[in-house]
Amino acid sequence: MIDKLHYISQQPQNGTHAGAIKAALDAGCKWVQLRVKDQPEDIILHYAIEAVKLCDGYGARLIVNDHPEIAKKAGAHGLHLGLQDMPIQQARQIVGPDMIIGGTANTFAHVKQRVAEGADYIGLGPYRFTTTKQKLSPILGLDGYRDIMDQMRLANMSIPVIAIGGIVPADIPLIIQSGVYGAALSGAITHATNARQVVSELYHHLNQPSFNEA
């Protein structure tokens, strides 16, 4: 089952990906996406193997961003592919039939494409501007989410949609009412003074009934 809260790993200024992931797991996160940019694949594989061990110890799932070969070698639970990455069908041939695969979308056409490709969930965004990601797609905002979720309901699509991109905890009550299934956050958890409390409050809001579950 896809978790409603996705933690996107972020290396703190004076820390490591593994340290940030362990802190998120200690805070109660059950779904972690390892997102490492501009690093050699052998380094990312090392991070992924370390992250899988950490997540296994907490009963959590580790999703590798961008790299199907690394996801497979590390024994990750899933893979997330951006719009510029290889098609999901091609990645499926690498990782096998059982690995969770999520795909990014920015428009309703992307959502239809991801569903046709066989994605297990969709990361829809960005909600607002974020410095976490380069080559940002057009910002959706709350109205953009409402519009795309309305089109999905009319098309009878029920795939889990995770809101992503510049989201802070205060956004969740409104975003979840658009009908999205869950949300992905990074800095709000990495830099939280009390991450356990932040994660607890996020799950409280994310577990409120949405239009998708009505």
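Predicted model: local features only at pLDDT ≥ 70, side-chain atom pairs only at ≥ 80, totals over all residues.

Leaving aside residues up to four places away in sequence, M152 touches F108, V111, M157, I159 and V161, where a contact means heavy atoms within 4.5 Å. Residues are numbered from 1 along each chain as its sequence is written, and side-chain values use heavy atoms, with hydrogens and water left out.

M152 belongs to the largest nonpolar core, which has 64 residues, and there M152, together with L5, L62, V111, L124 and I189, touches the most other members. By such a core I mean a set of buried Ala, Val, Leu, Ile, Met, Phe, Trp, Tyr and Cys residues joined through side-chain atoms within 4.5 Å, buried being under 20% relative accessible area with a 1.4 Å probe, protein chains only. Helix α2, residues 41–58, gives this core its largest share, seven residues, helices being DSSP runs of H or I with at least four residues, numbered from the N terminus. A second, separate core has nine residues, among them I2, I63, I100 and Y121.

How much of the whole chain is buried? Of its 214 residues, 51% count as buried. Finally, of the contacts between residues at least 6 apart in sequence, 56% join residues at least 24 apart.

Technical notes:
Buried < 20%, exposed > 50% of the residue type's maximum accessible area, 1.4 Å probe, protein only. Helix = DSSP H or I, 4+ residues; strand = E, 2+ residues; numbered from the N terminus.
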